[in-house]
Amino acid sequence: MINKQFTEVLPLFPSPLFTTIYNGPDLANTIRFLDRSQMLDTGKANEYGLHSKDTYILENYECTPLREFILECLVYFGREILMYDYHQYSLSQSWISHKTPGQHHTMHTHPNSLISGVFYYGEEDPDIPAISFHKPIVGTNVSYLAPKYQADRRKSEYAWETFSVNYTPGLLLLFPSYVFHSVPVNKSNKVRKSIAFNVQPTGGIGQEENLTELLFKKVM
């Protein structure tokens, strides 16, 4: 018989998801600016939705308070959770993402980025999807044994293959850029609105002593 006193299950290599809410008094002004921004149809709207023509949207003056809040959260997430030895981060690209009714975004990761994030705004509706995260083995198209699962897997996160976050205006998410994620089909009659962004440590990445250093000023 298993002796539970001496038995332990360890969470090997978990992927962290940082969540918080931003509701600063300036947010209404920021949203008005975002809603005036020009959106582009990439030709694959059903697979990816629409994104803003400006792909550095958070650099605009109207987004300053939100950008500063995001950067503050990044320092905490990087240093206290991921244990990265960086004191400052810079946003690379940032863009508005719209998913109109019936649109979704296929599973993907964010290359050329260390941390990625999403900020949600707009109307609240339980039928608006936020985001789904996927177990790495599901996203790599590698064959593996397909076990038969119990009907309800909620009680053990080790059995999860997908984890979905509910859409909440003001919600900010941060996660490592290598994590597979997607956006389910928007089943509401409203537009799912968000800002997506990618992040790098300010100045460069890697370590000189390990011969992995990449100083951005050296390659410009």
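Visitor: How much of the accessible surface of the protein belongs to carbon and sulfur atoms?
Guide: This is a predicted model, where local features need pLDDT of at least 70, side-chain atom pairs count only at pLDDT 80 or more, and totals for chains, interfaces and linings use all residues. Residues are numbered from 1 along each chain as its sequence is written, and side-chain values use heavy atoms, without hydrogens or water. The accessible surface (Shrake-Rupley, 1.4 Å probe) totals about 13900 Å². The carbon and sulfur share is 55%.

Visitor: What does the C-alpha trace span along its principal axes?
Guide: The protein has 220 residues. Along the principal axes, its C-alpha trace spans about 65 × 50 × 35 Å.

Visitor: Which residues lie closest to the centre of the largest pocket?
Guide: The pocket (an open set of 1 Å grid points where a 1.4 Å probe fits, with protein on both sides within 12 Å along at least five of seven lines) has a volume, the space filled by probe spheres, of about 780 Å³. Its lining (residues with an atom within 4 Å of a point) numbers 21 residues. Closest to the centre are Pro14, Ser15, Lys135, Pro136 and Glu157.

Visitor: Which strands each supply at least two residues of that largest pocket's lining?
Guide: Strands are DSSP E runs of at least two residues, numbered from the N terminus. The protein has 13 of them, plus four helices. The suppliers are strand 7 (129-134) and strand 8 (162-166).

Visitor: Which strand gives the largest share of the second largest pocket's lining?
Guide: This pocket has a volume of about 490 Å³. Its lining has 26 residues, with Trp95, His105, His108, His110 and Ala196 nearest the centre. Elements giving two or more residues include strand 5 (105-108) and strand 11 (192-201). The largest share, five residues, comes from strand 4.

Technical notes
Buried means under 20% relative accessible area, exposed over 50%, partly exposed in between (1.4 Å probe, protein chains only).
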